[in-house]
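Welcome! Here is a short briefing to read alongside the structure, taking one topic at a time.

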Amino acid sequence: MSTTTSRSSTSSGKQRATLRYTAMRLGIFAGCFLVVWGLTHLRVLPAGLGDSNLMWVLLLALVLSAPLSWVLLRKQRDAMSEQIVEKVDRAKERLAANQAQEDA
């Protein structure tokens, strides 16, 4: 029974890692967006053509936030990949067990 409890608490912690990574990734994007928007508003960075200023800011924020997330969120990304590997392994085990049961 304790293994079930520890397994569920581990699973819960890893699910939190997924939510944490997603929230942190959105936070980095939002921060980049605000910085780029501020620099564009102050005319440090060129504005887009015509009405495309918002699209320019979004695109530039996305380009800046991607490598920052890659470097800064390595630990959270590793925790998420462990979670995915565990889920895939459990699914493979269940599939093998079902196939063995069908064969028997």
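## A first look

The protein chain contains three helices and zero strands.

**How confident is the prediction?**

- The pLDDT averages 83 over the protein chain, and 82% of the residues score at least 70.
- Of the elements in the protein chain, α2 has the highest mean pLDDT, 94, while α1 has the lowest, 78.

**The nonpolar core**

- In soluble globular proteins, nonpolar side chains tend to be buried together.
- Here, the largest nonpolar core has 10 residues, among them Tyr 21, Ile 28, Val 57, Leu 60, Leu 73 and Met 80.
- Two elements, α1 (2-41) and α2 (53-72), each give two or more residues to this core.
- The largest share, five residues, comes from α1.
- Ala 61 is a core member you can look up in the structure; leaving aside neighbours within four places in sequence, Ala 61 is in contact with Phe 29, Cys 32, Phe 33 and Val 36.

**The chain as a whole**

- The protein chain has 104 residues, and 18% of them are buried.
- Look at contacts between residues at least 6 apart in sequence: 69% of these join residues at least 24 apart.
- The accessible surface comes to about 8200 Å², and carbon and sulfur atoms account for 65% of that surface.

Key. Residues numbered from 1 in each chain as written. Predicted model: local features only at pLDDT ≥ 70, side-chain atom pairs only at ≥ 80, totals over all residues. Heavy atoms only, no water. Core = buried A, V, L, I, M, F, W, Y, C linked by side-chain atoms within 4.5 Å. Buried < 20%, exposed > 50% of the residue type's maximum accessible area, 1.4 Å probe, protein only. Helix = DSSP H or I, 4+ residues; strand = E, 2+ residues; numbered from the N terminus. Contact = heavy atoms within 4.5 Å. pLDDT = per-residue confidence, 0-100. Areas by Shrake-Rupley, 256 points an atom, 1.4 Å probe, with all protein chains shown as cover.
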